[in-house]
Amino acid sequence: MAGEEEQRPDKGFRLMGILDVQKIPCAREAILHGAGGSLAAGLLYFLATSRVKRSFDVGFAGFMVTTLGSWFYCRINNAKLRMQQRFIQEGLKNKVVYEGTVRDPTNKETPSGTP
Amino acid sequence: MAHPTQLGFQDAASPVMEELLHFHDHALMIVFMISTLVLYIIVAMVTTKLTNKYILDSQEIEIIWTVLPALILILIALPSLRILYLMDEINDPHLTIKAIGHQWYWSYEYTDYEELGFDSYMVPTQDLASGQFRLLDTDHRMVVPIESPIRMLISAEDVLHSWAVPSLGVKMDAVPGRLNQAAFIASRPGVFYGQCSEICGANQSFMPIVVEAVPLEHFEKWSSLMLEDA
């Protein structure tokens, strides 16, 4: 156990000191997408209007929208995967219990008398 | 257990703690975005050359900065309430364990089938074996079977204590003359550490909690051995 302490993970990079983008699922992708969206939005606005300060504002708005959109999309998919994982784990546990019975999930034959 | 300089939560060892971790990530991202927005607005206001001494009102911005915080609060409150009710769900425990706080040690009683009880004292620093953790390890661990709902009945003999194990997502005050109930399921085998979380005197820091989650057959062997030794 003492040896394991020496292999403790890296501290990780915390954006603004609070958001650990390495450990939190979906955080890194959301920030990267946000950075890309910000750059794209700001650049396109500047090319269209040549207004520097307003381009930064638009870029920042793009960052917020893209980050949040990517974050929630990834988290919802993550949550669905976790639910599926739980069902599969329950199914694997129950497979042993229900093997050979009517409730066996691998039993493709339908019992007689059922519609 | 926590590693040195750790700031975040420990890895979850129970389904409730997993949900809490995910909620924390969700709330943290919202906090991060608000902080970024405020920082950007501050920088923009400090660097602007525009001045207007005659602004009296602006309906649009007032509506935005009223509606947006309300939406953000709803976005935080809904998952929070979901977890709150999840933690209060009625479950059918497989095992009931009583944890009683004393100055300054915990005692555990497994009285479902036989009368099994023992005290759990911190291992003093000078008596630590190689690989044991200072101020965290105890002479007797509270052993529980994995993937079984456990009901904890927590009380105290003398003053207020609090039974807390962060990786299981459990913290419950131990109040003299009162039984508080907490429940958890240990999803994976392992050893999970906690410390007394209510001020109870000079040695509050020296009455840790160690929960060892093992497969059921190991738990049965352990409880038989403990009963023989008793």
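Reader: What makes up the lining of the second largest pocket by class?

Author: In this predicted model, that lining has 24 nonpolar, 3 polar and 5 charged residues. Ala, Val, Leu, Ile, Met, Phe, Trp, Tyr, Cys and Pro count as nonpolar, Asp, Glu, Lys and Arg as charged, and the others, Gly among them, as polar. Of the 32 lining residues, B:Leu37, B:Tyr40, B:Ile41, B:Ala44 and B:Ile61 lie nearest the centre of the pocket. H3(A) gives the most to the lining, with 9 residues.

Reader: Why is B:Ile74 called partly exposed?

Author: Buried means under 20% relative accessible area, exposed over 50%, and partly exposed in between (1.4 Å probe, protein chains only). B:Ile74 has 47% relative accessibility, and therefore counts as partly exposed. This residue lies in helix H2 (residues 59–87) of chain B.

Reader: Why is B:Trp163 called buried?

Author: The relative accessible area of B:Trp163 is 0%, so this residue is buried. B:Trp163 has its place in strand E6 (residues 161–165) of chain B; helices (H or I, at least four residues) and strands (E, at least two) are DSSP runs, numbered from the N terminus.

Reader: How far apart are B:Trp163 and B:Pro208 in sequence and in space?

Author: They are separated by 45 residues in sequence and by 8.9 Å in space, C-alpha to C-alpha.

Reader: How do you know which residues and values count?

Author: Residues are numbered from 1 along each chain as its sequence is written, and chains are lettered from A and ligands numbered from 1 in the order in which they are written. Local features need pLDDT of at least 70, side-chain atom pairs count only at pLDDT 80 or more, totals for chains, interfaces and linings use all residues, and side-chain values use heavy atoms, with hydrogens and water left out.

Note on methods. 1 Å grid on protein atoms, 1.4 Å probe; cavity = no way out; pocket = protein on both sides within 12 Å on 5 of 7 lines; lining within 4 Å.
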